[in-house]
Amino acid sequence: MNSSTDPNDHHCIQISNNATINNINSTSNGKTEDVTGEIDVSLKQSRLVSVDVFRGLSVALMVFVDHVGGIQPAINHSPWNGVTLADFVMPFFLFIVGVALSFAYKRLKCRVDATKKAVLQALKLFIFGIVLQGGYFHGINNLTYGVDIQQIRLMGTLQRIAIAYLLTAVCEIWLKREGVVKLGRTMLKKYKFQWIFVLVLIVTYTSLLYGLRVANWKYQMPSESSSFSSNITSVNCGVRGDTGPACNAVGMIDRKFFGIQHLYKRPTYARAKECSINSPGNGPLPSNAPSWCQAPFDPEGVLSSVMAVVTCMIGLHFGHIVLHFKDHKDRIISWTTPAAGLVVMGFVLDFCGMHINKSLYSLSYTCVTVGAAGILFVGIYVMVDVFGFRKPTWIFEWMGKHALVIYILAACNVLPILLQGFYWKEPENNFLRLIGIGQS
């Protein structure tokens, strides 16, 4: 007998037709979509409209900061410590992935099959990420494509989402207890193993960030092309617990794990005051620039992705509140209180020296950004799901339902690259040049 229907298989949970777990409100066509827009017909209730709107707003914000951030550095990613508008994009995506996962795995016929589906979904996202952000597409100023696998970037936005998606999905599939939630205390009991997992992640991240000793290291200075020249530059560290650009444990782990040639070659700290005379914009190196200014550093690396998973897990908790509380007031209070508390905690940690830092994905950054995501989600929920004002947000709702496609076409510059491929007589005579984008 197939394992997914075998009643003797304790991993395969049989759900009766009348089984209820404080059902969420149905708001559309009775189907549930996963984070990439694929419909799961095995679930017969829809997620909230606010989930689509929030995701669509996140996509719009990503496209906006990607294209305007270069013109207005104030909204671009912070060169190092601090937070800007662009620094909220990734946590917003991770947060809403967590919310959606609580709906996608609300009822499970077979945990093994659900795990296989989650692994496959994460693998697809990871491969998409490598192709789109690994260097295969050279940009809108170059009609060539392809990448030397010795230099390909292995991590990126979609890869981080894939990791957070997989670990959060596995937690939701395997680390929740049976039973009906009536009070907040019983909900904590139901999901206590998930919160233990979150605590382990936070302790692990903090211990490694402040406990590992970072030794001196070397790198090859980048040349005009994407390859590396033979100019070897040394960076002196020999410290423990440093959170600056040069000697932090996040970068050291990535250099050891991936190899420095596979890291992001245009890090945000290249726009810091030490590295750019036009800081926070791009610019020439100052005469006394430190040796690390042109070193690769991946903002979506291994250790920093640990806290990204925490962001996704907090989003999962917000989704649990939808599942277990039917009253709007109960939901809003249960969301607003922890969200506001997280923002306050984040700024307190920053004041105490644990700086808000997107590249390191610090604990203070996690608290501030996921708290802000929770507050924004509450506002959207009140607007579209409580009062029903959907017309002002219909464009974001549409974008949220097609988030992956829009991300690939717009945020990853695939659409501009495709348009540039059609030209008149000379490659420079293309549509992008006509509207003022591309080579000058």
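1. A nonpolar core, as used here, is a set of buried Ala, Val, Leu, Ile, Met, Phe, Trp, Tyr and Cys residues joined through side-chain atoms within 4.5 Å. Buried means under 20% relative accessible area, exposed over 50%, and partly exposed in between (1.4 Å probe, protein chains only).

2. Some ground rules. This is a predicted model, where local features need pLDDT of at least 70 and side-chain atom pairs count only at pLDDT 80 or more, while totals for chains, interfaces and linings use all residues. Residues are numbered from 1 along each chain as its sequence is written, and side-chain values use heavy atoms, with hydrogens and water left out.

3. Now the overall picture. The chain has 14 helices and 6 strands (DSSP runs numbered from the N terminus: helices are H or I, at least four residues; strands are E, at least two). Of its 440 residues, 48% are buried.

4. On to the core. The largest one holds 109 residues, and Tyr105 and Phe377 have the most contacts inside it. Helix α8 gives this core its largest share, 14 residues.

5. Take a look at Phe377. Leaving aside residues up to four places away in sequence, Phe377 touches Ser50, Val51, Phe54, Phe95, Ile96, Val99, Phe318 and Trp335; contact here means heavy atoms within 4.5 Å.

6. Among contacts between residues at least 6 apart in sequence, 69% join residues at least 24 apart.

7. Finally, find Arg266 in the loop between α7 (249-257) and α8 (302-324). Arg266 is exposed, with a relative accessible area of 61%. Cys293 is 27 residues from Arg266 in sequence, and their C-alpha atoms are 9.8 Å apart in space.
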